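Good morning, and thank you for joining. I would like to take you through one structure, beginning with the whole and then moving to its parts.

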Amino acid sequence: MGFSRIGFITASGSMPAANAWRAWARPISAPSAVTAEFSDMFDMRLLLECAAARRAASHATDAQREELLRQAAHTIEGGDDQAWHAAFTAQDAQLHHLVAQASASPLLLDAITRLHAHLHLHRRYFPYAHTAVTHREHQDLAAAITAGDPGRAEAAMRLHLTRAR
């Protein structure tokens, strides 16, 4: 099973989203290509999501700040591994989407959404052992944005993404 190019193609806007399935249907089988695209996706996430976190600290509405804190405090209960994995992935993606929305930048939101990072990363690699750390990092990120501290928010996102790498 290969790694999809869809995140990079749709994030760059070089391919209409309606035709995204074509990239998904062409898996990459060479391990070096998988590693290169995996690394490239994290580099893109660092560029886009750190900027979004910085902006969110300055631009988030009170309602967005409350929702970020609520999402960051929420934990997924154990159970069936597949159902738990799906719920954790959805919650993680939602929190990152909320940060992008709170950035008040339609371009950043669109680029982050088109990257489909959670779809690719959680399909290929899922850090079961680090979910408690991820939960704490989400809380730190939400607290920095809620406090209106752009530098701290950017640093929290950078730390979170770097540890996930």
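**Helix packing in the model**

In this protein, 77% of the contacts with a separation of 6 or more are between residues 24 or more positions apart. Please bear in mind that this is a predicted model. Its secondary structure comes to 9 helices and 0 strands, and the pattern along the sequence is α-α-α-α-α-α-α-α-α. The protein has 165 residues, of which 44% count as buried.

I shall begin with helix α8, residues 131–146, and its partner α4, residues 62–73. How closely do their axes approach, and at what angle do they cross? The two axes come within 8 Å, and the crossing is at roughly 165 degrees. An angle over 145 degrees counts as roughly antiparallel, and α4 and α8 are therefore roughly antiparallel to each other. The crossing of α4 past α8 is left-handed. On the α4 side, the contact is formed by R65, L68, L69, A72 and A73. On the α8 side, the contributors are H135, H138, Q139, A142, A143, I145 and T146. By class, the residues of this contact of α4 with α8 are 7 nonpolar, 4 polar and 1 charged.

The next partner of α8 is α9. Here again the axes of α8 and α9 come within 8 Å and cross at roughly 165 degrees. That angle makes α8 roughly antiparallel to α9. The crossing of α8 past α9 is left-handed. From α8, the residues that meet α9 are V133, T134, E137, H138, D140, L141, A143, A144 and I145. They face R152, A153, A156, M157, L159, H160 and R163 in α9. The contact of α8 with α9 comprises 9 nonpolar, 3 polar and 4 charged residues.

Within α9, which spans residues 150–164, I would draw attention to L161. Is L161 buried or exposed? With a relative accessible area of 1%, L161 is buried, since the limit for that class is under 20%. Beyond its neighbours within four places in sequence, L161 is in contact with F42, R45, L46, E49 and H96. L161 and E137 are 24 residues apart in sequence, and their C-alpha atoms are 9.5 Å apart in space.

Let me turn to α5, residues 81–102, which also packs with α8. What is the angle between α5 and α8? The angle is about 20 degrees, and the axes are 12 Å apart. Angles under 35 degrees count as roughly parallel, and α5 and α8 are therefore roughly parallel to each other. Their crossing is left-handed. The residues of α5 in this contact are W84, F88, D92, L95, H96 and V99, and those of α8 are T131, T134, H138, L141 and I145. The contact of α5 with α8 divides into 6 nonpolar, 4 polar and 1 charged residue.

Which residues of α5 are buried? They are W84, H85, F88, T89, Q91, D92, L95, H96, L98, V99, A100 and A102.

D92 counts as buried because its relative accessibility is 6%. D92 and H138 are 46 residues apart in sequence, yet 8.6 Å apart in space from C-alpha to C-alpha.

Finally, I come to the residue A104, which is in the loop between α5 and α6, the latter covering 106–115. A104 is not a glycine, although its phi is positive, at about 60 degrees. With a relative accessible area of 43%, A104 is partly exposed.

To summarise, α8 is roughly antiparallel to α4 and roughly antiparallel to α9, whereas α5 and α8 are roughly parallel. Thank you for your attention.

Key: Residues numbered from 1 in each chain as written. Predicted model: local features only at pLDDT ≥ 70, side-chain atom pairs only at ≥ 80, totals over all residues. Heavy atoms only, no water. Axes fitted to C-alpha atoms, helices over the stretch in contact; angles between N-to-C directions. Helix = DSSP H or I, 4+ residues; strand = E, 2+ residues; numbered from the N terminus. Parallel < 35°, antiparallel > 145°, perpendicular 65-115°, else oblique. Left-handed = near helix turned anticlockwise from the far one by under 90°. Contact = heavy atoms within 4.5 Å. Nonpolar A, V, L, I, M, F, W, Y, C, P; charged D, E, K, R; others polar. Buried < 20%, exposed > 50% of the residue type's maximum accessible area, 1.4 Å probe, protein only.
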